Amino acid sequence: MEEKNLFAERKELFDNAIQIKHNKRTPLFSNFWTWKILDSDYTLSEALHNYDVMETVVSDFHNRYQFDAYMDLGTRNPMRVTDALGVGFHKIDEKNESIVVDDHRLMERDEYTQIRNNMPAFIWSKAFARYTPNLTIGQLNNAAMEFASFGEYTQRINTKFLTEFQTPLIPLVPALLPFEHFFNIYRGIKEVSIDLRKCKTELIEAMDVMYETVIAPSLKTTLASDTSSMFCDTICAFLGHSILSEKQFEEYYWRYLKKIVDEIMANNKTMFIFCESTMLRFVDFFKDIPKGTLMIHLEQDNIFEMRKLLPNICFMGGMTSDLLGNGTKQQCVDYAKKLIDDLGDGYVFSTNKMMSFRNDCKRENLIAVTEFVRNYRH
């Protein structure tokens with residue numbers, strides 16, 4: 001395949017996968033995050049605080065493993081921005097080779113009505129003030145410049161991977177569900193778990209406002225934009241669902257997700273769902289979604305079981321970090337072959353978790369697996 005046609009080939013692989021059409025080979029999707037840095041000659045601090053170093057890290061990673069598309073290009077942890085703002089929730093732990101983010105809250109339980117009544121005022125007067133409580137004008141100016149530098153890096157690395165490496169990009173604007181905003185950003189895991197029982201009405205009212213004022217307009221803009229450079233039209237991340245029962249999922253999650261999926265189908269678009277934890281207990285909600293609509297990355301679910309339960313959904317994942325980190329090259333290749341053979345059309349090869357720690361993977365295993373998948377015809 002000539003280099004000039006490589007992007008078109010890769011894009012077709014993902015298009016066929018989400019449509020559950022036959023592919024000449026299975027597409028490779030990278031769910032590697034901090035591990036990319038640990039696989040390099042640099043420390044976490046060196047890569048996360050120097051965009052030229054980070055560009056080298058992710059470029060070397062691509063040249064070594066040749067994935068068809070990437071979940072992360074070194075943009076997940078903008079430490080220079082949070083450092084400039086004086087944010088204390090994010091820390092680099094070089095000794096344990098990890099990035100630590102403390103569970104925290106930026107709003108109190110009795111403030112849901114403030115979001116319902118005037119969300120911008122609440123964000124700037126309360127949430128942002130708690131996010132960086134001792135912010136000075138000097139820090140704010142530095143943070144603005146750092147944010148601009150981070151934006152320049154993001155644009156530069158996306159352009160490089162699109163034009164030089166010819167990989168389709170991940171959608172840039174996530175259709176993050178309202179519950180995720182409170183779970184991940186404003187209230188935190190512990191507090192929002194209590195809110196489900198303590199202030200259900202107030203939480204739902206605030207989520208309704210957030211959907212109508214933030215999410216729906218953003219989705220409309222995304223669906224109207226040119227997504228031809230991306231492997232999917234839009235993206236949604238699941239994490240807050242992990243604490244919900246089926247009934248709660250319907251009340252707090254599905255009522256908004258269904259609206260989004262309906263809009264996607266009405267516009268003949270597609271969505272990539274990055275699902276952490278497990279979604280097995282929610283499969284009934286997805287059984288009537290037509291083929292060619294959703295691509296779901298699974299983490300803790302048995303991907304073979306999910307394929308049987310939801311033949312209408314394109315699935316991604318399956319390759320275990322336990323095997324990549326502890327198995328032999330042959331064991332890894334054998335399991336990769338099983339995934340491709342058993343899952344067939346509508347499958348994208350990827351790992352079952354966000355690869356973040358050194359023992360998640362061995363270089364020799366990943367080289368063997370990616371080379372096998374690129375060349376295996378089924």
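This is a predicted model: local features need pLDDT of at least 70, side-chain atom pairs count only at pLDDT 80 or more; totals for chains, interfaces and linings use all residues.
A residue counts as buried when its relative accessible area is under 20%.

**His62 and its surroundings**

His62 lies in helix α4, which covers residues 51-65. Its relative accessibility is 2%, and therefore His62 counts as buried. Apart from neighbours within four places in sequence, His62 is in contact with Arg10, Phe67, Tyr70, Phe161, Phe165 and Thr167. Arg10 is one of the buried residues of helix α1, and Phe161 is one of the buried residues of helix α7. Leu73 stands eleven residues from His62 in sequence, and the two C-alpha atoms are 9.8 Å apart in space.

| Helix | Residues | Number of residues | Span | Expected span at 1.5 Å a residue |
|---|---|---|---|---|
| α7 | 137-164 | 28 residues | 40 Å | 40 Å |

The buried residues of α1 are Leu6, Glu9, Arg10, Lys11, Leu13, Phe14, Asn16, Ala17 and Ile18. Just after this helix, Ile20 adopts a positive phi of about 55°.

In α7, the buried residues are Ala143, Phe150, Tyr153, Ile157, Asn158, Lys160 and Phe161. The elements that cover them include α4, strand β2 (69-70) and helix α5 (79-85). Just after α7, Gln166 has a positive phi of about 60°.

**Phe128 in helix α6**

Phe128 belongs to helix α6, which runs over residues 112-131. Is Phe128 buried or partly exposed? Buried requires a value under 20%, exposed a value over 50%, and partly exposed lies in between. Phe128 has a relative accessibility of 24%, so it counts as partly exposed. When residues up to four places away in sequence are not counted, Phe128 touches Leu85 and Leu135, among others. Leu106 is 22 residues from Phe128 in sequence, while their C-alpha atoms are 7.6 Å apart in space.

On the side of α8, the contact is made by Phe179, Phe182, Phe183 and Tyr186, and on the side of α9 by Gly188, Ile189, Val192 and Leu196. Seven of the contact residues are nonpolar, one is polar and none is charged.

The other pair is α10 (residues 200-224) and α11 (residues 246-266), which pack at an angle of about 20° with axes 11 Å apart. Angles under 35 degrees count as roughly parallel, and therefore α10 is roughly parallel to α11. The crossing of these two helices is right-handed. Helix α10 contributes Lys200, Leu203, Ile204, Met207, Asp208, Tyr211, Glu212, Ile215, Leu219 and Leu223 to the contact, and α11 contributes Glu251, Tyr252, Arg255, Tyr256, Lys259, Ile260, Glu263 and Ile264. How many of these residues are nonpolar, polar and charged? The contact of α10 with α11 has eleven nonpolar residues, no polar residues and seven charged residues.

Key: Residues are numbered from 1 along each chain as its sequence is written. Side-chain values use heavy atoms; hydrogens and water are left out. Contact means heavy atoms within 4.5 Å. Helices (H or I, at least four residues) and strands (E, at least two) are DSSP runs, numbered from the N terminus. Ala, Val, Leu, Ile, Met, Phe, Trp, Tyr, Cys and Pro count as nonpolar, Asp, Glu, Lys and Arg as charged, and the others, Gly among them, as polar. Axes are lines fitted to C-alpha atoms, for helices over the stretch in contact, and angles run from 0 to 180 degrees between N-to-C directions. Angles under 35 degrees count as roughly parallel, over 145 as roughly antiparallel, 65 to 115 as roughly perpendicular and the rest as oblique. A crossing is left-handed if the near helix is turned anticlockwise from the far one by less than a right angle, and right-handed if clockwise. Buried means under 20% relative accessible area, exposed over 50%, partly exposed in between (1.4 Å probe, protein chains only). The expected span of a helix is 1.5 Å times one less than its number of residues.
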